[in-house]
Amino acid sequence: MEDLEFRYDTQLLIEGEDLDEDDIFDWIKDNLKGDCLLAVGDENLIKIHFHTNEPWDLLKYAASLGEIFDIVVEDMDRQSRGLKG
């Protein structure tokens with residue numbers, strides 16, 4: 001079993017006004033360590049998917065943009081060992 005560089009699969013929705021998926025993507029890419037980044041949606045709703053070791057930093061940033069919900073943080077290391085994530 002190989003070690004994961006980024007442990008937490010983090011997914012959430014951001015609801016707000018004047019959201020820009022490209023700006024959000026760029027900020028996360030430039031300021032947080034991780035991979036498998038997706039930021040898709042429109043000016044009122046953005047879905048984020050990101051593998052990181054610091055999901056709380058992503059949540060803090062996302063919360064600064066609007067209301068966050070449908071938050072899922074799964075421990076991929078535990079899952080790879082057959083444990084509940």
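Biologist: At what distance does the side chain of His49 reach the backbone oxygen of Cys36?

Modeller: Bear in mind that this is a predicted model: local features need pLDDT of at least 70, side-chain atom pairs count only at pLDDT 80 or more, and totals for chains, interfaces and linings use all residues. Residues are numbered from 1 along each chain as its sequence is written, and side-chain values use heavy atoms, with hydrogens and water left out. A polar contact is a pair of N or O atoms within 3.5 Å; within protein, one must be able to donate a hydrogen and the other to accept it, and residues adjacent in sequence count only if both atoms are side-chain atoms. From the side chain of His49 to the backbone oxygen of Cys36 is 3.0 Å.

Biologist: Is His49 buried or exposed?

Modeller: It sits in strand 3, where strands (E, at least two residues) and helices (H or I, at least four) are DSSP runs numbered from the N terminus. Buried means under 20% relative accessible area, exposed over 50% and partly exposed in between, with a 1.4 Å probe and protein chains only. With a relative accessible area of 17%, His49 is buried.

Biologist: What does His49 touch, not counting residues up to four places away in sequence?

Modeller: Contact means heavy atoms within 4.5 Å. On that basis, and with those sequence neighbours set aside, the list for His49 is Asp9, Thr10, Gln11, Cys36, Leu37 and Leu38.

Biologist: How many bridges join strand 2 to strand 3?

Modeller: A hairpin links strand 2 to strand 3 through 3 residues. Two strands pair if DSSP finds at least two bridges between them, and one example here is Asp35, whose partner in strand 3 is His51. Strand 2 and strand 3 run antiparallel, and the number of bridges is 6.

Biologist: What is the average twist from one strand to the next?

Modeller: The sheet is open, with 4 strands in the order 2-3-1-4 and antiparallel pairing. Strand 2 and strand 4 (67–75) are at the edges with a single partner strand each, so one side of each has no neighbour in the sheet. From one strand to the next, the twist averages 10°.

Biologist: And which residue in strand 4 is the bridge partner of Gln11?

Modeller: Strand 1 and strand 4 pair in the antiparallel sense, over 7 bridges. For Gln11, the partner in strand 4 is Val72.

Biologist: What angle does the direction of helix 1 make with that of strand 2?

Modeller: Axes are lines fitted to C-alpha atoms, for helices over the stretch in contact, and angles run from 0 to 180 degrees between N-to-C directions. Helix 1 packs on the sheet, touching strand 2 and strand 3, and its angle with strand 2 is about 165°.

Biologist: At what angle does helix 2 run to strand 1?

Modeller: Helix 2 lies across strand 1, strand 3 and strand 4. Relative to strand 1, its direction is at about 5°.

Biologist: What arc do the buried residues of helix 2 cover?

Modeller: Pro55, Leu58, Tyr61 and Ala62 are the buried ones in helix 2. They share one side of helix 2 because the arc, taken from the directions from the helix axis to the C-beta atoms, is only 125°.

Biologist: How many residues does the largest nonpolar core have?

Modeller: A nonpolar core is a set of buried Ala, Val, Leu, Ile, Met, Phe, Trp, Tyr and Cys residues joined through side-chain atoms within 4.5 Å. Those with the most contacts inside the largest one are Ile14, Ile24, Ile28, Ile46, Ile48, Phe50 and Leu58, and its residue count is 14.

Biologist: How far is the backbone oxygen of Tyr61 from a polar atom of the side chain of Ser64?

Modeller: Ser64 belongs to the face of helix 2 turned away from the buried side, together with the exposed residues Trp56 and Lys60. Its relative accessibility is 55%, so Ser64 counts as exposed. The separation from the backbone oxygen of Tyr61 to the side-chain polar atom of Ser64 is 2.5 Å.

Biologist: What is the phi of Asp70?

Modeller: Most residues other than glycine have a negative phi. Asp18, in the loop between strand 1 and helix 1, has a positive phi of about 55°. Asp70 lies in strand 4 and is exposed at 54% relative accessibility. Its phi is also positive, at about 50°.
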